[in-house]
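I wished to look up how this chain is arranged and to record each step in order. My notes are set down below for a first reading.

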Amino acid sequence: MANEATEISFEEAMAQLETIVEQLEDGDVPLEKAIDLFQRGMKLSQLCGQKLEQVEQKIEMIVEEGGELKRKPFGGTLEETGELSE
């Protein structure tokens with residue numbers, strides 16, 4: 001599972017996760033299968049979270065300070081941006 005999960009794209013993981021959620025919401029899944037689907041869904045959810053974190057680390061903002069353009073990491077603190085970052 002670990003190798004399989006790390007090799008799929010974010011979009012593929014989200015599509016699989018949506019399918020799992022739909023199956024679980026239908027309620028016509030036997031208990032054992034529901035548990036397996038839930039566990040798979042949790043792994044996919046963690047994978048998506050990890051992939052999003054990796055992307056966030058790569059994103060930079062270009063801001064103007066004192067007439068110069070400077071690069072800053074995306075998601076600054078409340079003091080820097082005036083907004084709360086997550």
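The entries that follow go from the whole chain to single residues.

**Entry 1. The whole chain**

I noted at the outset that I was working with a predicted model. I then looked up the elements and found 4 helices and 2 strands in the chain. Read from the N terminus, their order is α-α-α-β-β-α. I next looked up the surface: the accessible area of the chain is about 7100 Å², and carbon and sulfur atoms account for 51% of this area. Of the 86 residues in the chain, 16% are buried. I also looked up contacts between residues at least 6 apart in sequence, and 42% of these join residues at least 24 apart.

**Entry 2. Helix H3**

I turned to helix H3, which covers residues 31-58. I checked its length against its number of residues. With 28 residues at 1.5 Å a residue, H3 should span 40 Å, and its end C-alpha atoms lie 41 Å apart, so the two values agree.

I then asked which residues of H3 are buried. They are Ala34, Leu37, Arg40, Gly41, Leu44, Leu47, Cys48 and Lys51. I recalled a general rule for reading such a list: an α-helix has 3.6 residues a turn, so residues three or four places apart point the same way.

**Entry 3. The largest nonpolar core**

Which residues make up the largest nonpolar core? I found 8 residues in it: Ile8, Ala13, Leu17, Ile20, Leu37, Leu44, Leu47 and Cys48. Two elements, helix H2 (10-26) and H3, each give two or more residues to this core. The greatest share comes from H3, which gives 4 residues. As a general remark, nonpolar side chains tend to be buried together in soluble globular proteins.

**Entry 4. Members of the core**

I looked up isoleucine 8 and found it in the loop between helix H1 (2-7) and H2. Is isoleucine 8 buried or exposed? Its relative accessibility is 11%, and the limit for buried is under 20%, so isoleucine 8 counts as buried. Leaving aside residues up to four places away in sequence, isoleucine 8 touches Ala13, Gln16, Leu44, Leu47 and Lys51.

I placed leucine 47 in helix H3. Leucine 47 is buried because its relative accessible area is 6%. I also compared its position with that of alanine 13, 34 residues away along the chain, and the C-alpha atoms of the pair are 7.7 Å apart.

For leucine 37 I looked up the contacts, again not counting residues up to four places away in sequence. Leucine 37 touches Ile20, Gln23, Leu24 and Val29.

Methionine 42 and leucine 17 are 25 residues apart in sequence, and I found 8.6 Å between their C-alpha atoms.

Which residues make a nonpolar surface patch with Met42? The patch is made by Leu24, Phe38 and Met42, and its area is about 280 Å².

The place of glutamine 50 is likewise in helix H3. At 45% relative accessibility, glutamine 50 counts as partly exposed. Glutamine 50 and phenylalanine 10 are 40 residues apart along the chain, and I found their C-alpha atoms separated by 9.6 Å.

**Entry 5. Summary of the notes**

Methionine 42, in contrast, is a partly exposed residue and takes part in a nonpolar surface patch.

Methods:
Residues numbered from 1 in each chain as written. Predicted model: local features only at pLDDT ≥ 70, side-chain atom pairs only at ≥ 80, totals over all residues. Heavy atoms only, no water. Patch = residues over 30% accessible without salt bridge, like charges linked within 9 Å, V, L, I, M, F, W, Y side chains within 5 Å. Areas by Shrake-Rupley, 256 points an atom, 1.4 Å probe, with all protein chains shown as cover. Salt bridge = Lys/Arg side-chain N within 4 Å of Asp/Glu carboxyl O. Buried < 20%, exposed > 50% of the residue type's maximum accessible area, 1.4 Å probe, protein only. Expected span 1.5 Å × (residues − 1). Core = buried A, V, L, I, M, F, W, Y, C linked by side-chain atoms within 4.5 Å. Contact = heavy atoms within 4.5 Å.
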